[in-house]
Amino acid sequence: MRFDPWNPDFVASPYTVYDELRREAPVSFFEPTGQWLIARHADVNALLRDRRLGRSYLHLATHEEFGREPEPDFQEPFWRVIRAGMLDVEPPVHTRLRRLVSKAFTPRMVESMRPRVRAIVEGLVDDFVEKGGGDLIAEVAEPLPVTVIAEMLGVPDADRHLLRPWSADICGMYELNPSQEAQHTAVTAAAEFSDYLKGLARARRAAPGEDLISALAQIEELTEDELVGTCVLLLNAGHEATVNVTGNGWWSLFRNPSELVRLRQDLSLLPTAVEELMRYDTPLQMFERWVLEDIEVGGVAIPKGVEIALLFGSANRDPEVFDRPDALDVGRADNPHISFGAGIHFCLGAPLARIELVESFGALLRRAPDIALVEEPEWNPGYIIRGLRSLDVSCE
Ligand code: HEM
């Protein structure tokens with residue numbers, strides 16, 4: 001098999017292809033997307049921190065000046081939302097936007113949310129165990145991070161069911177070479193989500209609550225587009241990957257029963273186990289960067305104006321960095337995985353994600369000691385955002 005992000009067999013198990021890439025072609029050109037694939041941990045880690053690359057080039061040049069086609073007009077509502085959030089801008093705008101929300105996500109602030117996270121987890125896990133199990137993804141993995149981030153922002157209970165479909169539709173645009181249909185679906189979702197958040201911000205400006213949208217709506221230097229872009233980013237990034245770490249993580253534990261037993265017998269391993277599950281089956285397999293100045297990677301010259309694709313899933317299995325990289329080791333102490341990124345865009349929500357994951361794996365291990373897989377799960381078609389369609393388990 002070769003690197004083929006549209007092939008379900010590759011998506012289900014990309015790791016042997018990554019081994020080959022790291023060994024034989026750690027920096028290679030991938031014709032179908034016109035990107036350079038970067039497979040080794042040292043290169044991925046260094047390039048994430050390298051300011052000669054960017055998530056965008058629009059702070060330096062127009063599309064034409066950078067030698068790229070402008071996006072088709074119909075995509076405007078999508079890019080308006082996405083490019084107003086911190087993830088798709090570079091300094092100085094990035095620095096300003098990140099500073100405005102970073103206080104809400106410091107380890108200390110997030111630690112104060114642990115009791116609430118725990119209460120939400122316990123409610124979900126109790127119901128799940130009581131009825132003997134079901135789809136772990138739909139019933140525990142999804143509702144937990146969606147509820148936490150929606151409460152934090154102040155999205156009313158009655159509207160929360162809208163978030164997951166909007167987010168999934170928007171994320172469709174992040175896959176490689178998205179179809180016309182996926183592009184239109186993403187644009188529609190971005191426009192609807194944006195209108196919804198504008199209405200909510202207006203209401204909170206008039207009658208503020210204790211939530212993050214109320215706080216952001218009071219900040220005068222934040223434009224309406226930036227407010228919407230920030231909220232869309234927080235609501236989407238705030239749950240997409242966490243859902244998949246939970247699903248992929250449980251699937252990894254079921255495939256490594258001795259590690260599942262080891263973890264169940266010693267729950268003090270939960271923090272290292274969560275890091276290891278994020279490494280072992282990386283939920284976000286690839287992140288892209290634009291090359292803003294000519295660079296050289298592993299002896300290969302890469303010119304300004306092209307895009308590189310950093311293979312997180314491959315970096316996380318690199319034997320140069322990880323001892324026995326293909327083994328799941330829930331007690332792995334030295335684990336510099338790259339799943340939260342690195343450099344200025346390092347995941348803002350990492351402390352929150354860690355709390356959610358430790359609490360949810362912990363609650364299921366405690367309350368469902370006999371949790372077992374009912375049938376082998378299937379993967380969603382997405383490669384970049386890689387997760388299971390569903391995960392049917394029983395808790396007798
Ligand atoms: C296990 C779950 C998560 C994983 C694996 C993850 C992963 C990542 C990664 C890799 C990036 C950097 C992308 C890049 O450099 O191109 C990122 C950025 C970001 N993440 Fe997360 N994330 C997770 C959970 C969360 C949560 C719960 C939040 C809640 C707010 C969040 C908010 C963000 C934000 C706002 C950014 C943009 C930061 C910036 O551009 O400065 N993430 N995340």
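This note goes through a predicted model point by point.

1. **Ground rules.** In this predicted model, local features need pLDDT of at least 70 and side-chain atom pairs count only at pLDDT 80 or more, while totals for chains, interfaces and linings use all residues. Residues are numbered from 1 along each chain as its sequence is written, and side-chain values use heavy atoms, with hydrogens and water left out.

2. **The iron.** Start with the ligand. Its iron atom has a single donor from the protein: Cys347, through SG, 2.3 Å away. Donors are N, O and S atoms within 2.8 Å of the metal (3.2 Å for Na, K and Ca); water is not among the atoms, so sites may look incomplete. Cys347 sits in the loop between α17 (312-315) and α18 (350-367). Helices (H or I, at least four residues) and strands (E, at least two) are DSSP runs, numbered from the N terminus.

3. **Asn335.** The loop between α17 and α18 also holds Asn335. Asn335 counts as buried because its relative accessibility is 15%. Buried means under 20% relative accessible area, exposed over 50%, and partly exposed in between (1.4 Å probe, protein chains only). The side chains of Asn335 and Glu276 are joined by a polar contact of 3.4 Å. A polar contact is a pair of N or O atoms within 3.5 Å; within protein, one must be able to donate a hydrogen and the other to accept it, and residues adjacent in sequence count only if both atoms are side-chain atoms. Setting aside neighbours within four places in sequence, Asn335 is in contact with Glu275, Glu276, Arg279 and Phe322. Contact means heavy atoms within 4.5 Å.

4. **Arg324.** This residue is another one to look at in the loop between α17 and α18. Arg324 has a phi near 45°, a positive value in a residue other than glycine. Arg324 is exposed because its relative accessible area is 53%.

5. **Asn177.** Asn177 is not a glycine, yet its phi is positive, at about 45°. Look for Asn177 in the loop between α10 and α11. Asn177 is partly exposed because its relative accessible area is 47%.

6. **A cis bond.** Pro91 and Pro92 are joined by a cis peptide bond, with omega of about 5°. Pro92 lies in the loop between α4 and α5.

7. **Leu97.** Move on to helix α5 (residues 93-102), where Leu97 is found. Leu97 counts as buried because its relative accessibility is 3%. Leaving aside neighbours within four places in sequence, its contacts are Ala84, Gly85, Met86, Val89, Leu222 and Glu226. From C-alpha to C-alpha, Leu97 and Ser339 are 22 Å apart in space, and they are 242 residues apart in sequence.

8. **Asp43.** Helix α3 (residues 41-48) contains Asp43. Asp43 counts as buried because its relative accessibility is 18%. Not counting residues up to four places away in sequence, Asp43 touches Val27, Ile38 and Val297.

9. **Helix α2.** The buried residues of α2 (residues 15-24) are Tyr15, Val17, Tyr18, Asp19, Leu21 and Arg22. They pack against α1 (8-12), β1 (27-30), α16 (270-280), β8 (307-311) and α17.

10. **The cavity.** The whole structure has one cavity of 30 Å³ or more. On a 1 Å grid over the protein atoms alone, a cavity is a set of points where a 1.4 Å probe fits but cannot get out, and a pocket is an open set with protein on both sides within 12 Å along at least five of seven lines; lining residues have an atom within 4 Å of a point. The largest cavity holds about 30 Å³ of space. Its lining is Arg80, Val81, Ser194, Lys198, Asp225, Val228 and Gly229. Two or more of these come from each of α4 (76-82), α11 (180-206) and α13 (224-237). α13 gives the most, with three residues.

11. **The second largest pocket.** About 760 Å³ of space lies here. Grid points are joined across faces, edges and corners, and a volume is the space filled by probe spheres set on the points. The pocket is lined by 35 residues, and Asn380, Pro381, Gly382, Tyr383 and Ile385 lie nearest its centre. α14 gives the most to this lining, with five residues. The lining divides into 19 nonpolar, eight polar and eight charged residues. Ala, Val, Leu, Ile, Met, Phe, Trp, Tyr, Cys and Pro count as nonpolar, Asp, Glu, Lys and Arg as charged, and the others, Gly among them, as polar.
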